[in-house]
Amino acid sequence: MPEEDLVDVKFRLYDGSDIGPFRYSATSTVDMLKQRIVSDWPKGKTVIPKAVNEVKLISSGKILENDKTVGQCKVPFADATGGVIIMHVVVQPSLAKTKTEKKVDDSPRKIVCSCSIL
């Protein structure tokens, strides 16, 4: 694989720490990057993704779609500098899991108002 087809990517976590940089082919998908993030997640973090679908990658202010390739996500100035692309990682636990963990009291509440009209 020619050297120019490889892209250096670093993943910035919520606390400012990084995973990587790693070298990826320009044809690697965002989904493949997310799988790497989940498998290489640092120990001891307070937020831990349990599955790939809980991870969102953001690059240049845009949430990246799973079927996009690294080559499609590159910004033009990254080519000029030959530097590392930094992608921000957001962990968003699935909604179903959060609802079951937090019990919400949906029972109707009776409101008592003692108002007097003069």
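Here are a few friendly notes on the fold of this chain, which comes from a predicted model.

1. Let us start with the parts list. The chain holds 4 helices and 5 strands. Read from the N terminus, its elements follow the order β-β-α-β-β-α-α-β-α.

2. The 5 strands form an open sheet with mixed pairing, in the order β2-β1-β5-β3-β4. The edge positions belong to β2 (18–25) and β4 (62–63); each has a single partner strand, so one side of each is left without a neighbour in the sheet.

3. Helix α1, residues 30–39, packs on this sheet. The strands that α1 touches are β1 (6–12), β2, β3 and β5, and the direction of the helix makes about 120 degrees with that of β3.

4. Strand β3 (residues 55–59) and strand β5 (residues 85–91) run antiparallel and are joined by 4 bridges.

5. Finally, a word on burial and surface. Of the 118 residues in the chain, 25% are buried. The chain exposes about 8500 Å², and 56% of that area is supplied by carbon and sulfur atoms.

Technical notes. Residues are numbered from 1 along each chain as its sequence is written. This is a predicted model: local features need pLDDT of at least 70, side-chain atom pairs count only at pLDDT 80 or more; totals for chains, interfaces and linings use all residues. Side-chain values use heavy atoms; hydrogens and water are left out. Helices (H or I, at least four residues) and strands (E, at least two) are DSSP runs, numbered from the N terminus. Buried means under 20% relative accessible area, exposed over 50%, partly exposed in between (1.4 Å probe, protein chains only). Accessible areas come from the Shrake-Rupley method with a 1.4 Å probe; for residues, only the protein chains shown count as cover. Two strands pair if DSSP finds at least two bridges between them. Contact means heavy atoms within 4.5 Å. Axes are lines fitted to C-alpha atoms, for helices over the stretch in contact, and angles run from 0 to 180 degrees between N-to-C directions.
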